[in-house]
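Here's a quick tour for anyone meeting this structure for the first time. Take a look at it, then read on.

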Amino acid sequence: MVVKMDDRHPESTTIPSDPTTTANPPTLPTDKTPQPLPRPSLVQKLRYLLLKYLTNTARSTDRTLLRLTKLLSTPSGIDVLLCTTSYTLTLVHALLSRLLERKLAAIATDIAEKADGILLPGETLIATLPAPASTKLIAQVVGSSKALADTIADYRIFVRLWGVVGLYTWARATYAEPLGADAGRKEKVLRGLTWASIVSCVGFQVLENGAYLSSKGALTTARWTGDVGKARENRWWIWSSRFWAAYVGVELVRLGVVRFYGDEASRKVTEAQDDGEKEDKIAREERARKDKLQNWLWWKDLASNVAYAPMTLHWSLEQGLLSDWGVGACGMVAGGALLTDAWRRTA
């Protein structure tokens, strides 16, 4: 009997396991609850706050320096900054001078009280005492503030020597733009005030230039030397201040005219809107923005000229009107109003 062998080979030599034992092994349960992050330590918090502070300071300093560069890039920006600085130093000098006088008077009074029972009638006490550190510091600040304020004031007058050229340009532009035939009362009044401002500024500039050049010894004719020249120089200083006072007065009148006719125009616009006139949203926003800007400029000019008014009267009188601290305070307000607007424009 022939036995036939099956020529097929098994695919695997591994003995198959029991099907009931081929299931996946059991897995251990896992905790899916999120673990809290570790809390930063006090040193890490301080380090973060310091880094944030330094970053903000660097950004703020960068913006400030860029705006300051823009402010100092124009003659008007330099002038308003120097004006405010000069009068601030004048105020500091005046206030610290009073404080220094009181301290020295207190020291002298204390010495006199202690020596009262020692000295005989007719005797004199001469003593040299070291000044306290605080008194010495105040004296140094008083001297330096006065010197720096005088230097700034001299520089500002010097750079105004050629201000007549700018006044010519102002007058030429005003003359080249005559009022139209349909010009209203407001335009005519403002045009008259503009010419009054030009005339007062020209008078101020010419007289100040002559007095300044005389004080520097640049004018050497017989009319500008000796006692006669000194008297002429003083008169020119006084009259230049009077022309300046006239300009400030004209400016205050101009601001009053602008406010009066501006309120009248606002009433007309309000009445037109109440009657049913419709403006789109963009036009209303633009009008509101312009009104806000004009209102800001009006208040800036008012504050500056109101502060300048007593100063111009002070220098228009031979005996003066204000003390040093009064001049410093008024000048700081007048210059500060202009500086605030100039700084706003650099943003």
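## How two helices cross

Helices here are DSSP runs of H or I with at least four residues, numbered from the N terminus. Helix α1 covers residues 42-71 and packs against α8 at about 110°, the axes being 9 Å apart. Axes are lines fitted to C-alpha atoms over the stretch in contact, and angles run from 0 to 180 degrees between N-to-C directions. That's why α1 and α8 count as roughly perpendicular, the word for angles of 65 to 115 degrees.

Where they meet, α1 brings T64, R67, L68, K70 and L71, while α8 brings L339, A342, W343, R344 and R345. Contact means heavy atoms within 4.5 Å.

## About the model

This is a predicted model, where local features need pLDDT of at least 70 and side-chain atom pairs count only at pLDDT 80 or more, while totals for chains, interfaces and linings use all residues. Residues are numbered from 1 along each chain as its sequence is written, and side-chain values use heavy atoms, leaving out hydrogens and water.

## A buried arginine

R156 sits in helix α3, residues 133-159. Its relative accessibility is 11%, so R156 counts as buried, meaning under 20% relative accessible area with a 1.4 Å probe, protein chains only. Leaving aside residues up to four places away in sequence, R156 touches D79, L82, C83 and Y87.

Definitions and conventions. Parallel < 35°, antiparallel > 145°, perpendicular 65-115°, else oblique. Buried < 20%, exposed > 50% of the residue type's maximum accessible area, 1.4 Å probe, protein only.
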